[in-house]
Amino acid sequence: MIAYIEPYFLDNDAEAASVTGQSFDGVSESLDIQGEILCGGAAADIAGKDFGGMNCVKPLAVVRPVGPEDIAGAVRAALRSDKLTVAARGNGHSINGQAMAEGGLVVDMRSTAENHFEVGFLPGGAFVDVSGGELWENVLKRCVSEYGLAPRSWTDYLGLTVGGTLSNAGVGGQAFRYGPQTSNVTELDVVTGNGDVVTCSEMENSELFFSVLGGLGQFGIITRARVLLQPAPDMVRWIRIVYTEFDEFTRDAEWLVSQKDESSFDYVEGFVFVNGDDPVNGWPIVPLHPDHDFDPTQLPQSSGSVLYCLELALHYRDSDSNSTVDKRVERLIGRLRFVEGLRFEVELPYVDFLLRVKRAEEIAKVNGTWETPHPWLNLFVSKRDIGEFDRTVFKELAKNGVGGPMLVYPLLRSRWNDRTSVVLPEGEIFYIVALLRFVPTCAKPSSVEKMVAQNQEIVQWCVRKGIDFKLYFPHYKSREEWIRHFGNRWSRFVDRKTMYDSMAILSPGQKIFNRAP
């Protein structure tokens with residue numbers, strides 16, 4: 001199979017075949033769909049740019065499908081053409097053009113958002129069938145308000161589609177306990193790159209099921225997902241505590257995520273911030289409430305240029321007494337070695353906690369930074385190398401901040417299924433690192449270029465130093481880089497591509513394979 005698809009790899013020395021000049025009239029004749037087709041400027045407005053804001057391409061057309069058959073119709077039309085590709089686009093939150101298709105067809109999955117919503121119960125527990133084009137925030141609101149239930153694993157930002165996060169992994173502060181979102185689905189409906197509409201699960205068409213989960217859109221487009229549910233709590237105790245030493249921060253974080261399910265917090269994340277009063281990168285970002293003040297006099301004089309914050313949350317019910325919640329919190333907090341006097345906490349409803357980034361989005365839209373470029377860098381780094389990463393990246397390259405959050409917190413490999421297409425560093429404990437840069441509206445284009453260059457410098461340093469890492473939301477431009485990324489799973493990835501998208505129609509923006517002639 002590898003030999004069969006070998007000519008379609010992208011490479012530094014051979015760019016992808018041009019799709020310029022493809023006739024929309026010729027394609028539209030073969031697009032027999034019930035939904036809407038947009039072309040020209042309307043298509044570019046919808047799918048010519050993504051959240052990253054650093055790529056601008058012109059699709060041939062945008063398809064707004066009614067259901068899976070329309071999506072399959074778009075794929076089959078591409079298969080009958082010479083050069084057409086197909087990309088599924090959810091809420092357009094990709095960073096490096098991964099959901100784009102230059103000169104190709106973009107399937108706007110948002111038009112299918114309301115196709116599925118059905119809660120069911122099996123001996124193993126509750127689940128909800130939802131559309132791949134539905135936003136997680138809408139899944140949350142309906143499940144909680146109508147059934148008192150909620151999915152188990154979340155991303156920090158919920159304005160993302162179900163199919164979009166499942167095509168990557170879906171990581172957040174609950175993943176140490178329940179695994180990523182890919183570990184919390186039991187069944188999918190998928191349109192493959194061969195134009196087939198298939199239902200798959202761990203027991204039925206299992207190879208396709210695990211291929212699509214974390215598969216970067218390379219094998220199929222998710223149209224329905226069966227997501228595991230659990231009883232939703234009512235309230236959350238949200239806590240932030242500050243550290244001056246990275247080894248103490250990581251020791252406590254690793255201890256918390258390694259406890260048995262009922263013996264830890266329900267959410268564990270962490271971030272790095274600048275030891276100074278910078279309102280974007282420093283002390284002011286730590287307090288959880290406007291009435292809270294960060295008192296730098298609590299810091300020891302030996303504190304360095306950056307500090308660390310462990311972010312925790314404990315779920316509880318309205319029927320739980322305050323003393324019971326306090327005891328649970330203090331039992332855990334008492335084991336941790338944070339800076340006394342730099343502890344912040346608030347209580348808020350569960351749904352409000354999960355939608356906490358929504359407020360930041362609203363502010364960013366008002367001040368214009370939601371529309372500026374976002375040269376983000378997301379990595380998984382092994383426990384073995386996270387200390388060296390801290391010394392070089394956090395304390396040197398990014399010691400003045402990145403204009404946005406610098407997340408770092410541990411995850412457990414045993415909560416991930418090795419059969420999915422996601423690749424991880426070695427070892428049971430590894431860290432997610434996210435440098436989430438926001439560009440001020442007044443910034444010059446050269447400043448964005450410098451941010452991108454620093455991201456590249458970090459990745460190149462990791463490679464040069466032999467750091468055990470993987471890019472999350474990976475973006476590479478050469479075959480060699482993709483082979484390095486997948487390692488000994490590269491051949492499996494290629495075999496799956498041959499099996500489910502033999503003409504390399506799907507997800508061209510990932511720049512892994514060339515469209516087959």
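This is a predicted model: local features need pLDDT of at least 70, side-chain atom pairs count only at pLDDT 80 or more; totals for chains, interfaces and linings use all residues.
What should the 15 residues of helix α13 span at 1.5 Å a residue, and how far apart are its end C-alpha atoms? The first legend takes up this question.

View 1. Helix α13 covers residues 383-397. At 1.5 Å a residue its 15 residues should span 21 Å, and its end C-alpha atoms are 20 Å apart, which agrees. The helix bends by about 40 degrees at F389. F389 is also one of the buried residues of α13, together with D385, I386, D390, V393 and F394. An α-helix has 3.6 residues a turn, so residues three or four places apart point the same way.

View 2. The domain assignment gives domain 1 as residues 117-232 and domain 2 as residues 235-471. Taken over C-alpha atoms, the centres of domain 1 and domain 2 are separated by 25 Å. Domain 1 gives 32 residues to the contact, and domain 2 gives 33 residues.

**View 3. An open sheet of eight strands.** The strands follow the order β14-β11-β13-β12-β16-β17-β15-β18, and their pairing is antiparallel. At the edges are β14 (343-349) and β18 (469-471), each of which pairs on one side only. From one strand to the next, the twist averages 20 degrees.

**View 4. Strand β11 and its partners β13 and β14.** Which residues of β11 point one way, and which the other way? M235, R237, I239, I241 and Y243 point one way, while V236, W238, R240 and V242 point the other way. In a regular strand the side chains alternate between the two faces of the sheet. Nine of the nine residues of β11 are buried, so the strand is largely enclosed by the rest of the structure.

β11 (residues 235-243) pairs with β13 (residues 306-316) in the antiparallel sense over nine bridges. Across this pairing, E311 is the bridge partner of R240, and C309 is the bridge partner of V242. β11 also pairs with β14, in the antiparallel sense and over seven bridges.

**View 5. Strand β12 between β13 and β16.** Are the residues of β12, which covers residues 267-274, buried or exposed? Eight of its eight residues are buried, and the strand is mostly covered. This holds for both faces: Y267, E269, F271 and F273 are buried on one side, and V268, G270, V272 and V274 are buried on the other.

How many bridges join β12 to β13? Eight bridges join these antiparallel strands, and G270 stands opposite L310 in β13. The pairing of β12 with β16 (residues 406-412) is antiparallel over two bridges. In this pairing F271 stands opposite L407 in β16.

**View 6. An open sheet of four strands.** The order of the strands is β1-β2-β4-β3, and the pairing is mixed. β1 (36-39) and β3 (86-89) stand at the edges with a single partner strand each, so one side of each is left without a neighbour in the sheet. Neighbouring strands are turned by 25 degrees against each other on average, direction ignored. Four bridges join β1 to β2 (residues 61-64), and these two strands run antiparallel. In this pair C39 stands opposite A61 in β2.

Which strands does helix α3 lie across? Helix α3 (residues 40-47) lies across β1, β2, β3 and β4 (105-108), and it runs at about 100 degrees to β1.

**View 7. R89 and its surroundings.** R89 has its place in strand β3, which is an edge strand of the four-stranded sheet. Why does R89 count as buried? Its relative accessible area is 8%, and buried means under 20%.

Leaving out residues up to four places away in sequence, R89 touches I46, A47, K49, D50, A99, V106, V107, D108, M109 and R110. Among these, I46 and A47 fall within helix α3 (residues 40-47). V106, V107 and D108 fall within β4 (105-108). L336 lies 247 residues from R89 along the chain, and the C-alpha atoms of R89 and L336 are separated by 43 Å.

Conventions:
Residues are numbered from 1 along each chain as its sequence is written. Side-chain values use heavy atoms; hydrogens and water are left out. Two strands pair if DSSP finds at least two bridges between them. Axes are lines fitted to C-alpha atoms, for helices over the stretch in contact, and angles run from 0 to 180 degrees between N-to-C directions. The expected span of a helix is 1.5 Å times one less than its number of residues. The bend at a residue is the angle between axes fitted to the seven residues ending there and the seven starting there. Buried means under 20% relative accessible area, exposed over 50%, partly exposed in between (1.4 Å probe, protein chains only). Domain bounds come from an automatic or database domain assignment. Contact means heavy atoms within 4.5 Å.
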